[in-house]
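Hi,

Here is the structure I promised to pass on. Have a look at it first, then read my notes below.

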Amino acid sequence: MSARIVHIDRNKVFYAIIIAVVSIYVFKLFDMQILAYDQFNTKASDNSIKAIEQIALRGVFYDRNMKLLVENTPAYTVRVTPAEYDTSLNRKLESVLDLDEGYISNMLFKNRIYSKFVPLRVKRGADFSSIAWIEENKEHLPGVDYIIEMQRGYPMGVMGSHLFGYSKEISPQQLKKEDNYYQPGDLIGAIGLEKHYEKDLRGEKGYNYILVDSRRREVGKYKNGVNDVPSQKGKDLVLSIDGELQKIAEEELNGRPGAVAAIEPSTGEVMVLASSPEFDLNQFSYVTPKDYLKQLMDDPLKPQYNRATMSAHPPGSTFKLLCALAALDLGVITPSTTLYCGGSFNYGRTFKCHGAHGAVNVISAIEKSCNVFFYQLIFKIGLDRLKSYADRFGLGHKLGIDINEEVRGLIPNSAYYERIYGKDWPKGILVSLGIGQGEVNVTPLQLANYCALIANNGKGFVPHIVKGYLDEDKKYHPYTFKAVDTGIKQSVFDMVKEGMFRVVNGAGTATNVRISDIHIAGKTGTAQNPHGKDHSLFVAFAPYEHPTIAVAVLVENAGFGATWAAPIAKKIIETYVRRTMPKSTQTEPQKIVVEPGENFAD
Amino acid sequence: MRINYKLNDRFDLTIFLTASALVVIGLIAIYSSTQNTLNQKGNFDKQLISWGISLFVLFFLYTIPIKTFKLAALPSYIFSLLLLMLVLVIGRKISGARSWIGFGGFSFQPAEFAKLATILYLSDFLSRSETVLDNLKDIFIALVIGMTPVALIMLEPDLGSSFVFIGLLLALLFWKGISLFGLVLVLSPGIVAVASLFGTIYFVIAIVLVIAALFFFKRDVFLSGSILALNLASGFFVDTFYNILSPHQQKRIQTFIDPNADPLGSGYNAIQAKVAIGSGGFWGKGFLHGNQTQLQFIPEQWTDFIFCVIGEEWGFIGSVVVILLFAILFLRLLRLATFAKNEFLSLIIIGILTVFFIHFLVNVGMAIGILPVIGIPLPFVSYGGSSLLINMTLLGIILNIHRSRKESA
C-alpha cells in the first residue's frame with residue numbers, strides 16, 4: 001500500500017526532472033541560436049573564411065639607360081608543416097639545405113604557438129640540387145614541401161651593396177612603430193634604396209579569401225574568389241645610376257677600402273655611388289647565415305659601412321678650390337694677385353710646402369697645389385666667411401640624398417674653436433685648415449657634389465639616386481628636385497676651373513690621367529690620417545668645355561691622390577664621355593631658385 | 001479481460017515511431033557530416049544496415065515470452081562481467097580507452113551490453129519480495145551489483161559509460177523506494193568525490209554537509225561514523241581515480257572546471273560545438289550547408305557531436321524537434337513504468353529510461369556547453385552500430401513489456 005504511494009511520488013520526481021532538463025535545453029538553444037545568433041555566426045565565418053595575404057611583387061630598379069639593375073627572381077622556398085613533420089629528419093634536412101645545426105628545431109620551438117598546420121619557411125633561395133633531393137625523397141619526408149617565391153636578383157653584376165641595400169624580416173620594434181601594413185614575418189627595406197623607397201617599392205598587399213577546415217587547411221576559394229583583392233606591384237624605380245660606371249667603380253676599387261661618387265653636374269643625378277669593400281647582397285635575401293654576419297662584423301675593414309656617404313675625412317688639397325672660390329668671390333685676391341712661396345710658411349711654427357713655387361697666382365697655386373699660397377689665403381678670407389662658402393657647396397652638411405645612411409662631416413667655424421679652446425683660440429689652427437687638413441671632414445659624396453657644382457658654375461640640384469618611376473603601363477614619371485645655387489660669380493668659376501684644367505693638362509699634380517681628346521679638370525688631394533697611411537683623393541669633371549660628369553674618388557690608406565684615386569676617376573670619365581660624346585642630349589631640368597646658403601637639407 | 005484489437009494496443013507506436021524518427025534524423029546528419037571526409041564516407045550505409053539488423057532484433061525481443069527476461073537476468077549479468085574483463089585483456093585501444101572487442105569485421109563495446117544485463121539483474125534483485133532497502137545489507141548488495149561493472153569500465157577507462165551506470169543504479173534504487181537516509185548514504189560519497197575534484201575547500205564543505213546530515217538522521221554512532229569514514233575515503237580516492245584516467249579525460253575534467261583554461265586543446269571542441277549550434281540560427285544553414293560541419297571544425301561529429309550537425313544545419317527548429325522527440329519518448333516510458341504489470345518490469349523500464357535519459361542529458365548538454373565534454377553518443381541519432389543495436393534491443397524489451405502489460409502474471 002505504502003509502496004504504491006511512494007511510486008506515484010517518485011514518478012512525479014522523474015517527470016519533473018525530464019521536464020526541467022528539456023526546458024533548460026530548449027531555453028539554452030533559444031539563447032544560443034536566436035538571441036546570440038549574430039555573435040556565433042560571426043565566429044563561424046571567422047573560423048572558416050581566412051584572408052590570405054598576397055605579398056605584392058616588389059618594384060625593380062632600372063639604371064639611367066633602362067638596364068635592369070635589381071630584379072625579382074623566382075627562388076625555391078622550402079617549408080615544413082609541423083603537424084606532419086617528423087623531427088628526426090632535422091639533421092638530414094639541415095645538412096641538405098646547408099642550415100646551422102639545430103636551426104629547424106629552434107624554428108619549430110619559436111613558432112609553437114601558431115597552428116601546426118601552417119607551413120613554416122625553413123629556407124628561402126634553396127638551390128636546385130636540394131629541391132631535386134626533396135622531390136626524389138618525397139615519401140620519406142612527411143610535412144616537407146617547397147614553393148616558389150620571389151627574391152632579389154642582380155642581373156647586371158653590379159654589387160651596389162650599400163646603394164641598393166637589402167630587406168629583412170621586420171623586427172617587433174618596427175612592427176609597433178610602422179603603420180598597420182606589416183605582419184610578422186614580412187620583409188621591410190633595411191638599408192640603402194630598399195629602405196628609403198620602401199613605401200614605393202612594396203606595392204599594395206592583396207587578399208585572397210579562402211575556406212579553411214578545422215585544421216586551417218585550405219579547402220577552396222571563398223565564393224570562387226569574387227571578393228579577392230589582387231596585390232599591386234610596387235613602383236619600378238628608375239635610378240640615375242649608370243650601371244656600367246658603377247660596375248667599373250666597384251671593379252677598380254677591387255675590395256680596397258674606398259669610395260667613388262659621380263654626379264651629372266647639370267642635374268645632380270648620381271651616376272656612381274660605390275663603397276668598398278662590398279658585401280654580398282644575395283646573402284641577405286632572407287635569413288642571413290650567422291657566420292656570414294659574424295664575418296662582416298669581424299672584418300676590420302667594416303664592409304657594412306657606406307664609405308661614400310658615411311666616411312668623413314679631411315678633403316686635403318681638394319679643399320683649396322673652395323678657398324680659391326671664396327677668396328676670388330670676396331675680392332680678397334684678384335686673378336693677378338700673387339703670393340710668394342719660398343717652400344715653407346711660418347706661423348708659430350714652420351708649415352711646409354712640397355717645393356718652392358716662387359710668386360704664384362691663384363691659377364698656378366691650384367695647378368701646383370701650392371700649400372703656402374693657401375696658408376696665407378685663409379687668413380685673408382677668415383674662417384667664418386670660408387665656412388659660409390662651404391655651406392653653399394654642402395660641405396659639412398647632410399646633402400639629403402635618397403638613402404638614409406649619410407653623415408654630416410664637419411666644417412668648423414670660430415664658434416666651434418671657441419667652444420673647444422676658449423675665446424683666444426690659437427689662430428695657427430687655420431694654417432692647415434687652408435689646405436684641407438685638421439678638423440675639416442667631408443664625405444666622398446660631398447666632394448662629388450662640390451665638384452659638380454664647380455663644373456656647372458655654382459648651379460645644380462641636390463644629388464639624388466632615383467630620378468623617377470615607371471607606372472603599371474611602363475610610363476615614366478620623373479621626380480622633381482630642389483635646385484641649388486651658390487650665388488658665386490661666373491668669372492670666379494672660370495679662374496678655378498682653369499686651375500683644375502691645368503692640374504691635369506698643364507704642369508699640375510695629376511698629369512698622369514691626361515687624355516688627348518677629353519679634357520679632364522681635376523684636383524688631387526691627400527687626406528692626412530692620424531691612424532695610418534694617408535687617404536688618396538681626387539675630384540674631377542669632364543669634358544672641361546661642357547662638363548657632363550663630376551667624380552670624387554677616395555682610396556683609403558693609399559697615399560698621394562694622383563697615384564691611386566685619379567686613375568679610377570679617369571677610367572670612369574673616359575668610359576662615360578666616350579659613350580655619350582656623339583649625342584649631346586642634355587635636357588634642362590626644372591629649376592627652383594633658392595637663396596644661397598640654404599641649399600642643402602642639413 | 002477485454003482485448004483491444006487496435007494495433008496501438010499491442011504495439012506502442014508512439015515509442016516506435018519516435019525512435020524511428022530519431023534514427024532518420026541521425027542518418028541525415030551522418031550523411032551530411034561524413035560526405036566530405038574520405039575515410040568516413042561509408043558511415044551512412046553502415047548505419048542504415050545496422051538499423052535494418054537491429055529492427056530484426058527489436059521484433060524478436062518484442063515477440064519472445066516476457067518471462068525470458070527474468071530467466072536471462074543473472075546469466076546475462078555474469079556474461080557481461082566476463083566480457084568486461086575480457087575487453088581489458090584483448091580490447092582494442094581507441095583514443096586512450098580499451099573499450100572495444102572486435103571479431104572478424106565486427107566490433108562492439110561490452111559496456112553497451114552490460115547496460116542491458118545490469119538493468120535486468122538489478123531489477124531482478126530489487127523486485128524480489130525479500131529485498132527491503134532500509135536494510136543496509138540489501139543496499140550493499142544493490143551497490144555491488146551496480147558498481148562492479150562501473151569498476152571494470154573505469155579500468156578501460158570509459159568515463160561516460162561509468163556515469164550511465166551510476167545514474168542507472170541511483171534511479172533504480174530511487175524507484176524501488178529507498179529512504180532519504182539510504183539515498184544520502186548512497187549519494188554522499190559521490191558528491192564528496194566530485195566536490196574534491198574542484199579543490200580542498202569544496203571537499204571540506206561537502207564533508208561538513210555530510211556531518212550535518214548525519215546529525216539530522218540521528219542514527220547510532222557506529223553507523224554514522226562508518227558513513228563519515230566512507231565519505232572521507234571517497235574524497236581521497238578521487239585523487240587515485242583521477243590518476244588512472246587517461247590524459248585526455250583528465251583534460252576534459254579540467255576543462256569542465258575551467259573551460260577557458262585551454263581553448264585550443266580540450267576546450268576547443270566545446271567552443272567549436274557552441275559556435276556550430278549558435279550559428280545555425282532559427283532555420284539553420286540548410287542540409288549540407290553548415291560550414292562548421294562541412295569543414296570539420298568539430299572532430300567525430302557523426303558520433304558524439306552529432307547534435308551540432310543538427311543544430312547548425314537545421315537550426316533552432318531542428319534542435320527543438322529532436323529534443324521534443326526525446327521528451328515524448330521519455331514521458332511515454334515513464335508512463336509505461338506505472339502501467340507495467342509487476343515491479344520487475346517497471347524497474348526495467350525505469351532502467352532503460354535512465355540509460356536513454358543520461359545519454360541524452362550528457363550528450364546534448366556537452367554540445368550546448370552546459371556539461372563537460374564526455375564522449376557518449378546520442379541514442380538512436382549518433383553513428384555507431386553496437387550503440388544502435390543495443391538501444392533498439394532495449395526498445396524491443398520495452399515494446400514487449402507494453403505488449404504483455406495486460407497478461408496475467
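Let's start with a term: a residue is buried if 20 or more other C-beta atoms lie within 10 Å of its own, exposed if 12 or fewer do, and partly exposed in between, with the C-beta atoms placed from the backbone. By that rule, 48% of the 409 residues of chain B count as buried.

Before you go further, keep in mind that this is a predicted model: local features need pLDDT of at least 70, side-chain atom pairs count only at pLDDT 80 or more, and totals for chains, interfaces and linings use all residues. Residues are numbered from 1 along each chain as its sequence is written, while chains are lettered from A and ligands numbered from 1 in the order in which they are written.

Chain B has 16 helices and 3 strands; these are DSSP runs numbered from the N terminus (helices are H or I with at least four residues, strands are E with at least two). Two residues are in contact if their C-beta atoms, placed from the backbone, lie within 7 Å. Among the contacts in chain B with a separation of 6 or more, 69% come from residues 24 or more positions apart.

Now zoom in on two helices of chain B. α8 (180–198) and α10 (221–244) of chain B pack at about 35 degrees, their axes 8 Å apart. (Axes are lines fitted to C-alpha atoms, for helices over the stretch in contact, and angles run from 0 to 180 degrees between N-to-C directions.) Residues making this contact include B:L185 and B:V192 from α8(B), and B:I227 and B:F237 from α10(B). By class, the contact has 9 nonpolar, 5 polar and no charged residues. Here Ala, Val, Leu, Ile, Met, Phe, Trp, Tyr, Cys and Pro count as nonpolar, Asp, Glu, Lys and Arg as charged, and the others, Gly among them, as polar.

How do the chains meet? 32 residues of chain B are in contact with 31 residues of chain A. On chain B's side, α14 (306–339) gives the most, with 11 residues. That side has 19 nonpolar, 12 polar and 1 charged residues.

Over in chain A, look for an open sheet of 5 strands, in the order β12-β11-β23-β22-β21, with antiparallel pairing. Strands pair if DSSP finds at least two bridges between them. β12 (269–276) and β21 (521–527) of chain A are at the edges with a single partner strand each, so one side of each has no neighbour in the sheet. The twist averages 10 degrees from one strand to the next. β21(A) and β22(A) (535–542) pair over 7 bridges, and A:G522 stands opposite A:A540 in β22(A).

Cheers
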